[in-house]
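Subject: Structure handover

Dear colleague,

Please find the structure below. My notes on aromatic rings and helix packing follow it.

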Amino acid sequence: MRISQQLPSDPATKYADDVLSGKIIAGEFVRASAKRHMEDLLNGSSRGLYYDVKKAMHAFNFYPTMLSITDGDKAGNPFTLLPWHAFAVCSLFGWHRSDNMRRYRTAWLETGKGQAKSPLMAGTGLYMLGFVGRKRPEVYSIASDKDQANVLFKDGVAMCRAPIPGYEDEVDNSLESKGIMIIRGVGDNAWKIECPATGGRFQSIASQDAISGPRPYAVLADEIHEMKTVKPIQLWKAAIDKMSGDPLMILGTNTPAADQTVGTEYSEITQKIVTGQAADDSWFGFIARVDKDDKPLDDESCWPKSLPALGITY
């Protein structure tokens with residue numbers, strides 16, 4: 001399937017086209033997600049779905065315009081989305097239902113280790129906290145324990161404190177110093193990010209921690225493969241499902257081992273959805289894995305299937 005004049009040329013559609021044409025090396029399930037995107041562009045209107053390129057590009061442009069990379073060799077550079085990031089972000093914020101709410105309420109992001117999932121999810125949390133027009137949004141970073149939940153949250157704190165691209169030479173050059181975001185807590189002891197303009201908050205919660213009456217607009221669940229029980233995901237998903245509008249739960253994980261049952265269960269659910277074996281228009285999936293017949297120990301050419309940022313990551 002190739003891009004035709006009737007299809008948009010935004011980053012998600014370009015990524016899908018490059019995957020399906022073989023320009024980007026991808027495994028079975030990324031190819032299935034790409035095919036799903038392209039087929040829905042052609043036929044999704046029959047199910048009340050439409051793709052808003054303007055909203056997709058608003059999300060896509062947010063990251064390099066407002067955020068900087070905060071770690072690694074490229075620290076200080078604009079947070080330009082990696083190609084697989086762009087596919088996910090544009091899909092999540094571009095696809096809508098006929099009632100103009102976003103289509104996707106759950107997203108499963110599965111790759112090999114070190115593919116910049118946590119920074120992507122942190123940046124997405126900040127976007128939903130202050131830049132999508134929602135009043136009093138509650139954003140939560142969750143994981144199996146507080147330390148892991150804080151990894152993603154601290155990425156968000158670092159992004160708030162880093163210079164906004166193009167403002168490096170100004171005294172007030174960050175989301176924090178400009179008052180766009182307020183960080184509660186000093187240094188590594190930061191515990192909450194607030195956005196005065198929206199009245200929203202972003203904080204980390206361990207899966208076993210209790211919180212009174214959460215009204216989550218975004219739940220960012222990291223390292224699902226480390227979770228021992230499915231209960232935290234079910235509880236937060238139930239809270240998301242009670243919310244009006246278009247809340248979002250993002251589940252990020254490394255490829256789970258066979259004995260990591262929570263990650264395996266959710267991966268298998270997502271595999272069925274993206275391949276069309278199960279129908280759920282509200283569930284986005286990106287599963288970067290090598291294929292069953294690949295031999296990664298003998299053939300490096302298959303590595304990009306599980307490492308979509310190989311050679312270009314931060």
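Tyr 127 counts as buried, because its relative accessibility is 4% (buried is under 20% relative accessible area, exposed over 50%, partly exposed in between; 1.4 Å probe, protein chains only). Phe 93 is buried too, at 3%.

Before the rest, two notes on the source. This is a predicted model, in which local features need pLDDT of at least 70 and side-chain atom pairs count only at pLDDT 80 or more, while totals for chains, interfaces and linings use all residues. Residues are numbered from 1 along each chain as its sequence is written, and side-chain values use heavy atoms, with hydrogens and water left out.

Aromatic pairs. The structure holds 16 of them (rings of Phe, Tyr and Trp, the last by its six-membered ring, pair if their centres lie within 6.5 Å; planes under 30 degrees apart are stacked, over 60 edge-to-face, the rest tilted). Phe 93 and Tyr 127 form an edge-to-face pair, because their planes stand at 90°, with ring centres 5.0 Å apart. Phe 93 sits in helix α4 (residues 83–94) and Tyr 127 in helix α5 (residues 117–130), 34 residues apart (helices, H or I, of at least four residues and strands, E, of at least two are DSSP runs, numbered from the N terminus).

Tyr 140 and Trp 236 make a tilted pair: the centres are 5.0 Å apart and the planes at 45°. Tyr 140 belongs to strand β4 (residues 138–143) and Trp 236 to helix α7 (residues 231–242), so this pair ties together parts 96 residues apart in sequence. Tyr 140 is buried at 0% relative accessibility. Trp 236 is buried at 6%.

One aromatic cluster is formed by Tyr 15, Trp 84, Phe 87, Tyr 104, Phe 284 and Phe 286.

Helix packing. α5 and helix α6 (residues 146–161) pack at about 65°, with axes 8 Å apart (axes are lines fitted to C-alpha atoms, for helices over the stretch in contact; angles run from 0 to 180 degrees between N-to-C directions). The contact (heavy atoms within 4.5 Å) involves residues including Met 121 and Leu 126 of α5 and Leu 152 and Met 159 of α6.

Finally, a loop residue. Lys 292 lies between β10 (283–287) and α9 (303–306). Lys 292 is exposed, at 83% relative accessibility. Lys 292 and Gly 27 are 265 residues apart in sequence, yet 9.4 Å apart in space, C-alpha to C-alpha.

Best wishes
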